[in-house]
Every structure is written in C-alpha cells, then in structure tokens.
Amino acid sequence: MTLQKQYKITQERYSELEKELHFLKTQREAEVADQIKEARKFGDLSENSEYDEAKNEQGKVFSRVAEIENILAGAVIIQVGQVSTETVCLGCRVVVEDLDSGERETYTIVGSQEANPMEYRVSDESPFGLALTGKAAGAELTLDVPAGKLRYRIIEILA
C-alpha cells in the first residue's frame, strides 16, 4: 500500500487548482476533442500533423488533470496568518538580513507547490527554507551554495 504524498498549500492555491481543474475538464477537454475531430477530416492520420498536434495537446491536458487531482487529493491546507511567530514555520513570513551585504528581505515560507523565489516565496523543502524552519528571531544560519557561503540573521518572524 502506497501512501498519498501530502502537498502543503494555502486555501487560495487550493481554490486556484480547483478552478483550473474545472476549466480543463469542461472547456479545454471539449476544445481539444473538437480539434481532433476537425483534424480527422484532413485524411490519412499517419501523415496528419494537425491530428498529431491535437492528440499531443490532449495528452498534455489529461496529464495536467491527473497532476491536479493528485495534488488536491493530498492537499494539506496551511493557515497563513494563523501561525506562531516564535519560530519560523510553514505559512509565516520572515525578515532576514544578509550578514555580508546588510540587505534585508522578507520571505514567505510555503509548500513546494507554491514556491516562487522571484516573489520571495520559498519552499519549506528547499535548502533555504529548511535552514530557516524552526529557528527563532536572532538566529544566524550559513548556507553552502556553489558560489560559496551565504550567511543570514533572522530579524523578525511575522504571521
């Protein structure tokens, strides 16, 4: 018996995935089915690039539907804003200072499905997220990266 993988996501992300799944299963699947139907009219399927393209698109849609259904089945909703500010944890925001440059940045600790470093949303499973998790304000951490070592201090933990 295999265990369902858990995906830690916010309610907002869960709702976005539900909406995408509904779109794919209703509107997008119908559009692709119409494309396949139209492409069949072009004749010999073995040399029909429109048909091949439509079938490839259908495969992508089915694959994404399965992926979303898997995520939703294993979703664990995290309550952003209702987290402890004692230590860094999933759903909190953390202000860190780069000890070499003095620059400060605020990161949100999220599940892997919502990570987006460009928006300062760091996965709790990433090296940086793992290094932060469980630490209190004032703690210092060092990360080994290909370019050397990065040193940070946790300035503040926000809900």
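Buried means under 20% relative accessible area, exposed means over 50%, and partly exposed lies in between (1.4 Å probe, protein chains only). The structure is a predicted model, in which local features need pLDDT of at least 70, side-chain atom pairs count only at pLDDT 80 or more, and totals for chains, interfaces and linings use all residues. Residues are numbered from 1 along each chain as its sequence is written, and side-chain values use heavy atoms, with hydrogens and water left out.

**View 1. G59 has its place in helix α2, residues 49-73.** Helices (H or I, at least four residues) and strands (E, at least two) are DSSP runs, numbered from the N terminus. G59 is partly exposed, because its relative accessible area is 36%. Although G59 and A33 are 26 residues apart in sequence, their C-alpha atoms are 11 Å apart in space.

**View 2. The rings of Y107 and F128 form an edge-to-face aromatic pair.** Rings of Phe, Tyr and Trp (its six-membered ring) pair if their centres lie within 6.5 Å, and planes under 30 degrees apart count as stacked, over 60 as edge-to-face and the rest as tilted. Here the centres are 5.1 Å apart, with 75° between the planes. Y107 lies in strand β4 and F128 in helix α3, so the pair ties together parts that are 21 residues apart in sequence. Both Y107 and F128 are buried.

**View 3. F128 also pairs with Y152, and this pair is tilted.** The ring centres of F128 and Y152 are 5.1 Å apart, with their planes at 55°. The pair links helix α3, which holds F128, to strand β7, which holds Y152, across 24 residues. Y152, like F128, is buried.
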